Structure formats: C-alpha cells, structure tokens
Amino acid sequence: MLAMWRHVFSPNIRDHGLAQMHPDGRAGSVRRVTFDDWRVDVCPHHGPSLAADASGRLHAVWFTQGSIRTGVFYGRLRDGGVDAQRRVGGETAEHADLAVNGQRVAVAWKEFDGKRSQLRAMISEDGGDSWREHDLATTSEASGQPLLLERQGRFYAFWNTAREPLTVIAMP
C-alpha cells in the first residue's frame, strides 16, 4: 500500500510526501513527491489523491499555494520529480479526486464562480498525456467535494449537494 499526504518538509514547506506501507505495518521512508514550495504556518485542508495505472506509474492530483505555483495540479510521480504536470481547471478549482483504469485516468474537481459551483472532469485515454474536459453538474447551493470511483471500466463521480444529497454521475 502507498500513502500520499501533505507533509512538513524542512524548513516549514507543505509539499506532499509518499511512503510505502509494508504488510507488517511498518512504513517505509518518506520521499518528497511535489515541489511547489508552499510555506505556511497552518495545516491546509486540501488533501491529494493518488492511483497507479496498469504499468505501475503513479498518478496524483493536489492543491497548492506555493511560491512556485498555485492551484490544483495533476502529474505522474517519479523519483525526484513530476512528469506530465498540468494545471487542473481554473483559478477557483479545488478538492480534486482521481481514478485510474488501465491507461485511462479521470480527474474530477469543483469550481466556484461566485454564484454557482460546477462539477468538472477531465479524462485521459493515454495515461495522462492528453485530456478531454467535461462539465458534469452545477449547483447554486452548498456542495461537498467530489469523489471518483471506477467500476467495470467506467468512471463515476459522487457529489453531495444540498438539493441532491448523493448524486452519482456516470462520466463520459
């Protein structure tokens, strides 16, 4: 099992760490996997999402307000860096989630335009090299963060809104 979380790297950088959990419950060494240089004296409440594809490549999405970049980002994690890194959504994108099936990768997130929240998604058929974006749903009421699930080769977005407490949306 692999775990990815926002870690505190010296001297107070809130980038993400990754470690393997061994079958006996021991955690492997922590390695830094995002390099945004977010220095802040709080605990940000925007966690990452991580999934492996059929070839074992690690795909991730995360939020940052670092000195190098700000916003939601997607990338394939590798030792000492991130490949195919790209911004997800616009300036108000938040709370992204990720799912993988073979070489297919799906990312869902929400964006707020001041009046409405939009549930948006992007899907890659080639392991994260190219993407198609989709608008999935909109609400002007309170909403939660989206979660993704893959089942029998299809991606589904789960989204709670005040009007529809649990909406399940089959993604294109």
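Two strands pair if DSSP finds at least two bridges between them. Strands (E, at least two residues) and helices (H or I, at least four) are DSSP runs, numbered from the N terminus. The model shown is predicted, so local features need pLDDT of at least 70 and side-chain atom pairs count only at pLDDT 80 or more, while totals for chains, interfaces and linings use all residues. Residues are numbered from 1 along each chain as its sequence is written, and side-chain values use heavy atoms, with hydrogens and water left out.

Figure 1. Strand E12 covers residues 147-151 and strand E13 covers residues 154-159. The two strands pair in the antiparallel sense over five bridges. Within this pairing, Leu-149 stands opposite Tyr-156 in E13. Two residues lie between the strands of this hairpin. Gln-152 is in the turn and has a positive phi of about 50 degrees. Most residues other than glycine have a negative phi.

**Figure 2. The open sheet E1-E2-E3.** Three strands form an open sheet in the order E1-E2-E3, with antiparallel pairing. Strand E1 (2-6) and strand E3 (31-32) stand at the edges, and each has a single partner strand, so one side of each is left without a neighbour in the sheet. Strands of a sheet pair through backbone hydrogen bonds, either parallel or antiparallel. E1 is joined to strand E2 (residues 16-20) by five bridges, and the two run antiparallel. Ala-3 stands opposite Ala-19 in E2.

**Figure 3. The cis peptide bond at Pro-11.** Pro-11 is found in the loop between E1 and E2. The peptide bond that joins Ser-10 and Pro-11 is cis, with omega at about 0 degrees. Most peptide bonds are trans.

**Figure 4. Asp-37 in its loop.** The loop between E3 and strand E4 (49-52) holds Asp-37. This residue is not a glycine, yet its phi is positive, at about 60 degrees. Is Asp-37 buried or exposed? Its relative accessibility is 18%, so Asp-37 counts as buried.

**Figure 5. His-134 and its contacts.** His-134 lies in strand E11 (residues 132-139). His-134 is buried, with a relative accessible area of 17%. Which residues does His-134 touch, not counting residues up to four places away in sequence? They are Arg-120, Ala-121, Ile-123 and Pro-172. Contact here means heavy atoms within 4.5 Å.

**Figure 6. The whole chain, for orientation.** The protein chain has zero helices and 14 strands. Along its principal axes, the C-alpha trace spans about 45 × 40 × 30 Å. The radius of gyration is 16 Å, which agrees with the value near 16 Å that a compact globule of 172 residues would have. This radius is taken over C-alpha atoms, and the globule rule is 2.2 Å times the number of residues to the power 0.38. Buried residues make up 44% of the 172 residues. Of the contacts with a separation of 6 or more, 38% are between residues 24 or more positions apart.

Technical notes:
Buried means under 20% relative accessible area, exposed over 50%, partly exposed in between (1.4 Å probe, protein chains only).
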